[in-house]
Amino acid sequence: MISTNATNTHFRIAVVIPAFNEDENLPSLIAELRQINHPDFQLIPVVVNDCSKDETALVARNLKVDLIDLPVNLGIGGAVQSGMIYAYESGFQYAMQLDGDGQHPPSEIHKLVAAMKKSDFSVVIGSRFIESDGFQSSSLRRAGIHYLKWVIKILTGLQITDATSGLRLYNRSALAAIAAYYPDEYPEPEAIIYFHKKKLSIGETPVIMRHRQAGKSSISFINSIYYFWKVSLAIIYAYLKV
Amino acid sequence: METYFSNRIQIIAIVVSVVFLLYISRLIIKGKLREEYAIFWVVITFILILFAVWRRGIDIVAELVGVYLAPNLVFTGAIFAILIYLLHLSIVVSNLHEKNKVLTREMALMKKRLENLESVSKTENDETN
């Protein structure tokens, strides 16, 4: 039988997974990704080990996935950018970010792809809050997201309900923009402003997220005040930047 | 007026400033301090030596800029200089941070490329054997 993979609707998506101390979550996540067998696209996992203290690199190697092994911890932004540059240089037309903690179910990916195809977006963000289904995060974090929604609306006119979501699909022009620049720390909201400034079309699609499966979130309660100021400043300066 | 001041503090100030200048020179010669960062310290030391030798100087400058008490001028000037220098150091650190990020990223990507090449050549060897 002739393989149907060669049709032009079938495209490859690099799934960049930033991983910091995620050796417990990684095997099940990769297994889930490999189970997905969609006629339209093929998922290629790219794990970016952000200098984890655990066995993340070894686990990724044993899983036989593409591994970008950072020798120094760069934080989520630097890790994502490294993975995206790899995808860009490897010639991928599409790449997505999927967090390594298991919050983003790979079974939701097709919704992002469908949204990108339908509306020709350059960036599609998976939002938990459009349909308010699944894991909804803590009330403090939700308040923060509400604030971000408001700030982004004022600055760009865009309606982004889940600015902190790390589940995102990019086309090649968005990939090129990320290869040129990507924010460092808590990059997600600032990146939206950056994409808007780069005249990339941004859309959202409802997804269902889960509780993280193991380990701790990168944003603790004590950090949230710092997060608030850092992100507010970053957004404003990203907006003022030419 | 002149007899009111002891020369002792003046001598101490000059000696300390000169020793400081010599120490900075030593750091530069040994390559432990880069010249661009040393300029600030050399200039500051020369100013210290100047006013240690020229005692009336600080009063004259204070009068010139309209500061009533000369020590206030010293404190204001010193704090301002320190703030500017701290800002300069923050810029230096930010710059290093950025360079560090790029180097780390490039190294990881290079490592990945090398691994890919190694696996390709390995399978080629296996096929020829």
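Which residue forms a salt bridge with R210(A), and how far apart are the closest N and O atoms?

Analyst: Keep in mind that this is a predicted model. The partner you want is E32(A): its salt bridge with R210(A) has the closest N and O atoms 3.3 Å apart. What the pair does is link distant parts of the chain, since the two residues sit 178 residues apart. R210(A) belongs to the loop between β7 (202-206) and α8 (223-240) of chain A, while E32(A) lies in helix α1 (residues 26-35) of chain A. As background, side chains of opposite charge can pair when their charged atoms come close.

Between chain A and chain B the count is 5 salt bridges. One of these joins R61(A) to E115(B), with the closest N and O atoms 2.9 Å apart. On the chain A side, β3 (66-69) and α3 (75-89) each supply at least two of the residues that touch chain B. The largest share comes from α3(A), with 5 residues. Sorted by class, the side of chain A that touches chain B has 9 nonpolar, 2 polar and 5 charged residues.

Now for the extent of that interface. In terms of contacts, 16 residues of chain A meet 13 residues of chain B. The area buried between the two chains is about 1,300 Å², and carbon and sulfur atoms give 56% of it. P71(A), L74(A) and D184(A) supply 29% of what chain A buries against chain B, more than any other three residues.

If you're thinking about pockets, have a look at chain B. The largest pocket holds about 1,100 Å³ of space. Its lining has 30 residues, and the closest to the centre are L48(B), F51(B), A52(B), I58(B) and V74(B). The elements giving two or more residues to the lining are α1 (8-29), α2 (35-53), α3 (57-65) and α4 (70-128) of chain B. Of these, α4(B) gives the most, with 8 residues. By class, the lining residues divide into 23 nonpolar, 3 polar and 4 charged.

How values were computed. Residues numbered from 1 in each chain as written. Chains lettered and ligands numbered in written order. Predicted model: local features only at pLDDT ≥ 70, side-chain atom pairs only at ≥ 80, totals over all residues. Heavy atoms only, no water. Contact = heavy atoms within 4.5 Å. Buried area = accessible area lost by both parts, 1.4 Å probe. Salt bridge = Lys/Arg side-chain N within 4 Å of Asp/Glu carboxyl O. Helix = DSSP H or I, 4+ residues; strand = E, 2+ residues; numbered from the N terminus. Nonpolar A, V, L, I, M, F, W, Y, C, P; charged D, E, K, R; others polar. 1 Å grid on protein atoms, 1.4 Å probe; cavity = no way out; pocket = protein on both sides within 12 Å on 5 of 7 lines; lining within 4 Å. Points joined across faces, edges and corners; volume = space filled by probe spheres on them.
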